[in-house]
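Visitor: I would like to learn how to read a structure such as this one, feature by feature. Could we begin with the charged side chains and then work inward?

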Amino acid sequence: MMPRQYHPSHSHPLSARGAIKLIPLMASFPSSQRIDRRDIPMELEQQQQITITSDFPSDDHDYLSGFGNTFESESISGSLPRGQNSPLLCPYGLYAEQISGTSFTSPHKLNQRSWLYRIKPSVTHEPFQARFPRHDKLVSEFDKSNSYTTPTQLRWKPKPVDTVEESAPIDFVEGLYTVCGAGSSFLRHGFAIHMYTANKSMDNCAFCNADGDFLIIPQKGRLWITTECGKLQVSPGEIVVIPQGFRFAVDLPDGPSRGYVSEIFGAHFQLPDLGPIGANGLAAPRDFLVPKAWFEDGSRPGYSIVQKFGGELFVAKQDFSPFNVVAWHGNYVPYKYDLNKFCPYNTVLFDHSDPSINTVLTAPTDKPGVALLDFVIFPPRWLVSEHTFRPPYYHRNCMSEFMGLINGGYEAKADGFLPGGASLHSCMTPHGPDTKTYEATIERGHDAGPFKITNTMAFMFESCLIPRISSWALKSPLMDNDYYQCWTGLKSHFSGEGSDS
């Protein structure tokens, strides 16, 4: 039996997974009347069915907007309880279920939770069993037994997508592999950086990360993500955050896909304080988009919940879809953001700003101004500073920096750093522009006028923790073992005489 799928009456009726669906309308029932959906006559449903072409939300108006807001959404009018969270009998015979992203007693300004009103509660499943075969390339506990340290600058070439297309079917879960990280999911402090390559949609299964929050950056190929709060379409140039504990499924409408994933343990992302910048700029809260309620109902024999717990994968079987949430409210939700809406700031007279000026999201530690993980981008922007070496400066940092490239090129690397690739410069490891970039910048001299960097979107994950690198990342054939040579051509320009600057 094909599951029935329902959509918000206040948004475009979009169905799932590219199929034609029949959708019963509930308009005949007043929103104030509490009716068990199972009592609705089948003849009335049949009279009110309409046929639509399915798709995932593609317009900003198909979402709720805001960052950190308390939202509410219902796919059937009147399905959201009013005046209380857990009534004795919920509308339409639904179950009330809370998902908590923080402890009950966290300060009010930090407390995150949502109430989900679902057809069956998520506890209705068989016992979890260890997933076989094991996924040997996921790490959440970083120590000498599973990862290594090195102060050497590291760079990886992108994994060719055509090889993914020709390989055995790999979905998002199977295609995840850890590059580096630090800390422990058990101790609720740390981070992991993964990458993924996949060539098939998740089928009759959902993924749940009990270890931490995922920040997913597709580099090639859109992601259609179904969550318990609704559906998201995420394109390259956008990001999506799936908070700890939410169940989700990933479809690949464009075929093979690859991208980056950061994971944080024991914290959640928040907008950075703007300080002297003022009230506006960088990532605007209104540009973060949250899905509207959407659900499916029906029998799904053998449906699998794949749960990541302590870095290991477990599987539980159930006979229904976990995406059976008819209505919800709260501030603990998945969300997406278009990086092209970021409002960058830069110097307008001299010198090069620190990269922190381009922070999109931050996961703070207890120490003011020190991040467990910052998410920073380097978008298109104007360079206008005078008498200044405009590319990023040469640097040794007490923080560790992992970089990726979504599209185009990166201003500090003329060669070798490609879309889909990555680099890692750990704590106090020297890094900076390569030889070609330095020489080209010096050759332009003081007469360089205003210049706009276009066709680029690079990003950085920056952490106060020192990452350990997974063994397969160090041994990968994608490792660029000649990376260090991009700096060996830098020569001395010292003359012992003063300059005109």
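Visitor: Which residues are linked in a network of salt bridges?

Guide: This is a predicted model, and in it a network of salt bridges links E72, E74 and R82. A search of the whole structure finds 17 salt bridges.

Visitor: With which residue does R155 form a salt bridge, and is R155 buried or exposed?

Guide: R155 forms a salt bridge with D480, and their closest N and O atoms are 3.1 Å apart. Since R155 lies in strand 10 (residues 154–156) and D480 in the loop between helix 4 (471–475) and helix 5 (485–488), the pair ties together parts that are 325 residues apart in sequence. R155 counts as buried at 5% relative accessibility, and D480 counts as buried at 12%.

Visitor: What is the closest N and O distance between D211 and K308?

Guide: In the salt bridge of D211 with K308, the closest N and O atoms are 2.8 Å apart. D211 is in the loop between strand 13 and strand 14 (213–220) and K308 is in strand 22, so placed that the pair links parts of the chain 97 residues apart. Both D211 and K308 are buried.

Visitor: Where is N209 found, and what does its side chain reach?

Guide: N209 is found in strand 13 (residues 205–209) and counts as buried, because its relative accessibility is 3%. Its side chain reaches the backbone nitrogen of D211 at 2.9 Å, and a polar atom of that side chain lies 3.0 Å from the backbone oxygen of G212. Not counting residues up to four places away in sequence, N209 touches F214, Q244, G245, F246, E263 and K308.

Visitor: How many strands are in the open sheet, and what is their order?

Guide: The open sheet has 7 strands in the order 8-23-22-13-18-15-16, with mixed pairing. Its edge strands are strand 8 (129–130) and strand 16 (230–234), each of which pairs on one side only. Within the sheet order, strand 22 (residues 299–309) and strand 23 (residues 312–320) pair in the antiparallel sense over 8 bridges, and V306 stands opposite V315 in strand 23.

Visitor: Which residues have the most contacts inside the largest nonpolar core?

Guide: That core has 83 residues, and those with the most contacts inside it are W156, F172, F207, W328, L361, F375 and F402. Apart from it lies another core, of 11 residues, among them L80, L94, W115 and Y117. Leaving aside neighbours within four places in sequence, F207 is in contact with residues including F172, F214, F246, V306 and K308.

Visitor: What share of the chain is buried?

Guide: Buried residues make up 55% of the 501 residues in the chain.

Notes
Residues are numbered from 1 along each chain as its sequence is written. This is a predicted model: local features need pLDDT of at least 70, side-chain atom pairs count only at pLDDT 80 or more; totals for chains, interfaces and linings use all residues. Side-chain values use heavy atoms; hydrogens and water are left out. Helices (H or I, at least four residues) and strands (E, at least two) are DSSP runs, numbered from the N terminus. Buried means under 20% relative accessible area, exposed over 50%, partly exposed in between (1.4 Å probe, protein chains only). A polar contact is a pair of N or O atoms within 3.5 Å; within protein, one must be able to donate a hydrogen and the other to accept it, and residues adjacent in sequence count only if both atoms are side-chain atoms. Contact means heavy atoms within 4.5 Å. A nonpolar core is a set of buried Ala, Val, Leu, Ile, Met, Phe, Trp, Tyr and Cys residues joined through side-chain atoms within 4.5 Å. Two strands pair if DSSP finds at least two bridges between them. A salt bridge is a side-chain nitrogen of Lys or Arg within 4 Å of a carboxyl oxygen of Asp or Glu.
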